[in-house]
Structure formats: C-alpha cells, structure tokens
Amino acid sequence: MNLIDEHKSFGGWQRRYTHASKTCRCSMTFAVYLPPAAETERVPVVYWLSGLTCTDENFVNKAGAQRVAAELGIAIVAPDTSPRGEDVADEDVYDLGQGAGFYVNATEAPWASHYQMYDYVVRELPDVLAAHFNDQLDLSTEAIAGHSMGGHGALVIGLRNPDRFAAISAFSAICNPVDVPWGEKAFSTYLGEDRKTWAAYDASRILAEAEHPASLPPMRLEQGLADGFLEEQLEPEALEAAADTAGAVLEVQRREGYDHSYFFIATFIEDHLRFLARHMGV
C-alpha cells in the first residue's frame, strides 16, 4: 500500500492511498480521514461511497466532513467509484465504465474481469484497513453512507449486511435502480438481461423482500426537491413504500431548493454524521 497524499485537518489526518487489488485486478485508490482520537484509541468507521463520475477525492475535498468527524472521533473511508486503468473496460459515456461501477459484482464480459465493486467494498477494503490501520480503526463499529450512485451502493451494502453496519445514510440516492434509466443501463450491461438478477442490487426490492426487517439498520435519506434527477432517476417513494411495508426504520428529509450537488451534501453532512455516530454508540 502506498501513501500518495496527506494533509493535516482539524487535528487529524486526511490521507490517500493506492494498493494492488486482488478483487478488482488493478490498482485501487481510497482516502481515509483519521481524527485526532485515532492517535490514542481505535475509532469507529464510516464508509462513504461517491456517485457517478466521482473519485475518492470529491467527498474529501467538497463535503467539509472533517471538522465534525474530528469532533465525534470517527474515521471516514472513501473508496474510488470503480476500477481504473488502461486494461480496465470503459465506455465513452459518463454513466458506464470507469467512474460508474454501481457497486455491483459484474458477471458480463468484459466487465467481470475488474468490476467487482461490491466485493471490494464489503470484503477486500475492510481487510486492507484491518491490515494497515489495526491500531487506529475499530472495524467492529461501522456505518455506511453515500451520494447518488453511492447512495444506492450504501443502501444495498448496508441492507445486505445488517450485522455489520449500525446505520445507513444517503443523499439523493438511486433508490429503485431496476426501474430507472441509470439502473437499467448499468445492470443490463454489467449483470446481463435477466432482470431477476438485478434485484440483489436494488434497495427497494431488498427491503420489500426482507425476512427480518426489525434487524435492518436504521436509514436516513436526504433529498433535495430542486434535484434535476429526482423525477426520472431516484424514486425515493419506492424506498419509502418498501420500508413502510417491511416496518423498517427510514427517515426521509426533503429539502426545498436543494439540488444534486455537493453544496447540498455540505449543508447537511453534519446531520448525517451525527445520525450515524449516534447509532454507532458515539
């Protein structure tokens, strides 16, 4: 693992690393914010998953999360959104290929060779953290969050792994990808045409089919009402309906005038980090 960037921030350290990924079969990048408390004790971890066209740097540079993370004593780990490199399959569009991994394990060629983002986030990245940050990170206390495509990823990963994540939060999430253009395009490309296989990566479907909804992590969804993608791509109503049917805990905040941008995220990230920290017992 190689340290490629670091900055002192609110008494802690914002760092960026690359490592050779066996899961994605390429070099992967992630960022980690270590609060001041990590110098003397192991701290809880929040994973942040970013959206289409983003890298690990968007959240780190734009959300302004470090101040609150430092106060709460929580680390934030932000992986890249896809495999990257000359040998990694790509498309000349923003919503497929590099920068658009959708946090699935691809099964279709040529994507399956590298696009194993679900396993990367759920399995390999925590193993890397355990190997290199054992004295700083408490990987028994985790939560997960994300934005847009990353909100979809956070919901899916959190709901499919309820024993691991204390809470889930999302901004402008793609809540019902099997029924919207972004999801249909990505899933048919990465997973094939059998729509039955898509449901494993759809938070609304996972909720609707949950056998033990009382054991699911509490969720918070933030949605701007001036979001240009809201009507066609996001479908928070589908997630709400599924949560109501299942009896799962979902808090939805709709915000007048806010759009899909990091201005929206920066405005409410403190609320989300405090929500996640509370459920992690911080």
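This report walks through a predicted model, going from its sheet to its helices, cores and rings.

## The sheet

Let's start with the strands. There are nine of them, and they make an open sheet with mixed pairing, in the order β1-β2-β3-β5-β4-β6-β7-β8-β9. At the edges sit β1 (2–9) and β9 (250–255), each pairing on one side only. From one strand to the next, the twist averages 20°.

As background, the strands of a sheet pair through backbone hydrogen bonds, and they can do it either parallel or antiparallel. You can find both kinds around β5. With β3, strand β5 runs antiparallel, joined by four bridges, and the bridge partner of Tyr 33 in β5 is Ile 76. With β4, strand β5 pairs in the parallel sense over three bridges; here Tyr 47 has Val 77 of β5 as its bridge partner.

## A well-covered strand

How many residues of β5 are buried? Five of its five. In a regular strand, side chains alternate between the two faces of the sheet. Look at both faces of β5 and you'll see that they are covered: Ala 75, Val 77 and Pro 79 are buried on one side, and Ile 76 and Ala 78 are buried on the other.

## A helix on the sheet

Further along, β6 (residues 137–147) and β7 (residues 165–171) pair in the parallel sense over five bridges. One spot to look for is Gly 146, whose bridge partner in β7 is Ala 170. Helix α4 (residues 149–160) packs on the sheet, where it touches β4 (43–49), β6, β7 and β8 (219–224). The direction of α4 makes about 140° with that of β6.

## The two sides of α8

Now turn to helix α8 (residues 236–246). Its buried residues are Pro 236, Leu 239, Ala 242, Ala 243 and Ala 246. They cover an arc of only 125° around the axis, so they end up on the same side of α8. An α-helix has 3.6 residues a turn, so residues three or four places apart point the same way.

What do the buried residues of α8 pack against? Their neighbours are α4, α6 (203–208), β8, α7 (230–234) and β9. On the face turned away from that buried side, α8 carries the exposed residues Asp 244 and Thr 245. Just after α8 comes Gly 247, with a positive phi of about 80°.

## The cores

The largest nonpolar core has 71 residues, and the members touching the most others are Phe 30, Phe 102, Phe 187, Tyr 190 and Leu 207. Helix α3 (residues 117–132) gives this core its largest share, eight residues. Apart from it lies another core, with 29 residues, including Val 60, Leu 72, Ala 145 and Ala 167.

## Rings that meet

Two ring pairs are worth a look. Tyr 17 and Phe 30 are stacked, 5.6 Å centre to centre with 25° between the planes. Tyr 17 sits in β2 (residues 12–21) and Phe 30 in β3 (residues 26–34), 13 residues apart. Both Tyr 17 and Phe 30 are buried.

Why is the pair of Trp 111 and Tyr 190 edge-to-face? Because their planes are at 70°, with the ring centres 5.3 Å apart. Trp 111 lies in the loop between β5 (75–79) and α3, while Tyr 190 is in helix α5 (residues 181–191), so the pair ties together parts 79 residues apart in sequence. Elsewhere, ring pairs link Trp 48, Phe 59, Phe 171, Tyr 258, Phe 264 and Phe 268 into a cluster.

Terms used:
Residues numbered from 1 in each chain as written. Heavy atoms only, no water. Pairing = 2+ DSSP bridges. Axes fitted to C-alpha atoms, helices over the stretch in contact; angles between N-to-C directions. Contact = heavy atoms within 4.5 Å. Buried < 20%, exposed > 50% of the residue type's maximum accessible area, 1.4 Å probe, protein only. Arc of directions from axis to C-beta. Core = buried A, V, L, I, M, F, W, Y, C linked by side-chain atoms within 4.5 Å. Phe/Tyr/Trp six-rings, centres within 6.5 Å; stacked < 30°, edge-to-face > 60°.
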